[in-house]
Amino acid sequence: MNKAVIDRIIGQVSKPVRYMGNEYNMIVKDPSEVLIRFAIAFPDVYEVGMSHLGIKILYHIMNEREDTYCERVFAPWVDMEQKMRENNIPLFALETRDPVAGFDFLGFTLQYEMSYTNVINMLDLAGIPLMSRERDKSHPFVIAGGPCAYNAEPLADFLDLVVMGEGEEVVNQLLDEYREWKKNGADRQDFLIRAAGIDGVYVPAFYDVDYNEDGTIGSIKPNREGVPPVIRKRIVRDLDNVYYPETMIVPYMNVVHDRVTLEVFRGCTRGCRFCQAGMIYRPVRERSMSRLMELARELIKNTGYEEISLSSLSTSDYSQLEELIKQFMDEFQSRRVSFALPSLRIDSFSREFIEEMIKVRKAGLTFAPEAGTQRLRDVINKGVTDEDLMNSVTQAFELGWDNVKLYFMIGLPTETEEDLDGIADLARRVRACYLDINRGKQAHRLKITVSTSSFVPKPFTPFQWVAQDSIDLLRQKQELLRDKLRIKSVTYDWHDSELSFLEAVFARGDRRLGKVLLKAWEMGCKFDGWAECFNYPAWQEAFRTSEIEPEFYANRLRDKQEVLPWDHIDVGVTKAFLWREYEKALRGELTPDCREICHGCGISRLGGGLCP
Amino acid sequence: MRIVVKYAKEGRVKYISHLELMRTLHRALRRADIPVAFSQGFNPQPRTAFTLPLPVGMTSEGEYMDIILESYLNPELLCQRMNEVLPNGITLLRAVEVDESLSSLMSLIERAVYLITIYDPVKDMDKKFNDFLKQNEIIIRKDGKKGKQRLINIRPMIHKAGIVNFQKTDTVIEAVLSTGSREYLNPNDMMDEFIAYAGEGNIERSYTVHRVDMLISSNNGWITPLEFGRGG
Ligand code: SF4
């Protein structure tokens, strides 16, 4: 009955394909023949979630198991949610359209803070009690992973389990443990205790947090025996031997990354001080070229995709990149498979490289100097000079590009007006460079887009202690920039500073923010990352009624001694290293790429990778 | 070599758009390793052509695609290889080789045959439907360009329509409607108009539309594209 209703309402909403399932390579199993049903959930719409590599990997890993059927679920867009509520349709999985409330696990991937209200909304739509402590044996275990899981404290009350680090190996251990537990028929608590024994698994309910009078944290301690005081993240040591799917679901919809994605390596050694990914994904581990070619062949064959992209935090750092590209071109160009390289660094452009790319495809080019002056780039350890930028831009213009995008952050620690002037200067120099190359003739074709986002200090970075600029200050800076960037051929766009403020609150938030999330959700907040849904006044109201000052989290400078809400999580990189980097930042001192020299960040304790 | 393929779009995939369907078929061509020809130029595309889009939400066993191949391939083998790599619901039914000089199907097809099932039939449905068709004019409003509404008489575009299966729970109408680039009637428009005419304008769309085939006018009367391709 329900399924007929689902079929009908899908036909009445925008983009029905989001809820349709049935894509090529979707896994079909008979649910009555498995022991474990897992719903992997992405708290955003289908086309965003289906662009995410981690979900695809986990989906296929779990479905390799005979005892498990993993299905997908995404956040229904506002119109679909309304239809579902009107017709009493609970949140359902795409594959079987069965309600996820009847599954064994509901696993969320947390990619950005502003999806937290969607997590709550999806629990509610599923009919699962929102709070972990309210669930009983009839409910699924609600589990989370992904980069935000390293500080999932604002969601601590809603989650039963959190997985720290790379999921490929942990997930199998967890499912094995679950299988045993399910056979024994013990109570819910018993499984949580078993799970907490697996390295990298965090059960928030097993820890107590107490607070000092000034609102800072006094301590975070286990509240029962046998639970580790510190949870260390998991990593996969050898990427060549870890599972990587040789097939992938091919969405009908034009999703954000609609192509074969090959992960060439994990981790990054550049050490940009604002970048959380650069710290939490260490150490660097590469996939071999032969393995990459093998995967590319299989994936193209099994998906029929017309494009491959290489993915990593800075693909140009792959030790055999030129050779890899050459092999790709040799093998795939004649088969009309094109090639995309995201996350290129401006200091790494070689002319041959761009020429190779241009053969296959011509798109706009993005450069990310991040800051407007050399001084500030040194503070953030972005080892790129004006000269590097101008060289790359010159090459791009010589090769016929007319369209470039320059990406910066505002509100970085120690920023002054001079740094904003620097942004305008760079834009002017880029323009002059174009006119020079094209002898002033084609000025009308040139398009330079300067785009700024507001800096959000993140946990596990050298800037985890700093205060974010206030919303007002960020706005002033944006206005200043708008004036300074009134330059021909240049357009300026910027991100909403209110959203960046909330990101900063939740990124470094603690458990007390759970009630704010709940309140905001009750007031209708969801899809906060979507401009058409973002309702800042509702958030202000949620903070007010919860009697929590968001500025305490976003705009306060922490000192070295303060216990941070994520101090019981070990991501490998040590707090001592981060503090050293912070101090160097304030002195404007660079820390070179650690492929050259190890700076003792602490990650080598976990083993694996290219570290000495 | 040019091949005309007849295919079906059924089940859950009825919700994919025309563009999504094209992309799906293109990717399947690649998976099946079909030697399809590519256009020249900066952004080479597979040389395929499709008939007019089937409205989202309808099913069909009468869709057509034209494919130009670089080298010879037995049309049946093409169907077989494609069906192995297509998602559930999209099935190639038949394929025939046609002369490359033949004009495009798109420009030749003028009509299509539909089966429309109403799950919750209107009271005295057969009588009301006959009365509906007996009108000289059936005027509907369509949103035109710039937000202006146009009035269209759809009666001449209904070439044949009648109830073929009458039951309490589902009643099936068979209809032949204009489906060409010059004259086109979306079956939903006819049905919505009928439901409003029958005085039940506020019921939710409880009918489904299935396209059975498309028709081309020839010396021998109305024939299907495959018959036409074979030299009709
Ligand atoms: S241990 Fe040394 S080489 Fe490895 S990531 Fe840390 S600083 Fe770099």
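Biologist: What area is buried between chain B and chain A?

Modeller: About 2,300 Å² is buried between chain B and chain A, and carbon and sulfur atoms give 49% of that. Buried area is the accessible area (1.4 Å probe) that two parts lose on being put together, summed over both. Arg12(B), Tyr15(B) and Arg27(B) supply 36% of the area that chain B buries against chain A, more than any other three residues. Keep in mind that this is a predicted model: local features need pLDDT of at least 70, side-chain atom pairs count only at pLDDT 80 or more, and totals for chains, interfaces and linings use all residues. Residues are numbered from 1 along each chain as its sequence is written, chains are lettered from A and ligands numbered from 1 in the order in which they are written, and side-chain values use heavy atoms, with hydrogens and water left out.

Biologist: How many residues does each chain bring to the contact?

Modeller: Chain A brings 33 residues and chain B brings 22. Contact here means heavy atoms within 4.5 Å.

Biologist: How many salt bridges link chain B and chain A?

Modeller: Side chains of opposite charge can pair when their charged atoms come close. A salt bridge is a side-chain nitrogen of Lys or Arg within 4 Å of a carboxyl oxygen of Asp or Glu. Between chain B and chain A there are 3, and over all chains the structure holds 70. Take Asp7(A) and Lys14(B): their side chains meet at 3.2 Å, N to O. Asp7(A) lies in helix H1 (residues 2–10) of chain A and Lys14(B) in the loop between strand S1 (2–9) and H1 of chain B, so the pair joins two chains. Helices (H or I, at least four residues) and strands (E, at least two) are DSSP runs, numbered from the N terminus. In another salt bridge, Glu306(A) meets Arg27(B) at 2.7 Å, N to O. Helix H1 (residues 18–31) of chain B gives the most to the side of chain B that touches chain A, with 6 residues.

Biologist: Which strands make up the open sheet of 6 strands in chain A?

Modeller: Strands of a sheet pair through backbone hydrogen bonds, either parallel or antiparallel. Two strands pair if DSSP finds at least two bridges between them. The order in chain A is S2-S1-S3-S4-S5-S6, with mixed pairing. Strand S2 (68–74) and strand S6 (201–202) of chain A are the edges, each pairing on one side only. Strand S1 (residues 36–42) and strand S3 (residues 105–109) of chain A pair in the parallel sense over 4 bridges. Ala41(A) has Phe108(A) in S3(A) as its bridge partner.

Biologist: Is the peptide bond from Arg282(A) to Pro283(A) cis or trans?

Modeller: That bond, from Arg282(A) to Pro283(A), is cis, with omega near -5 degrees. Pro283(A) lies in the loop between helix H8 (276–280) and strand S12 (285–286) of chain A.
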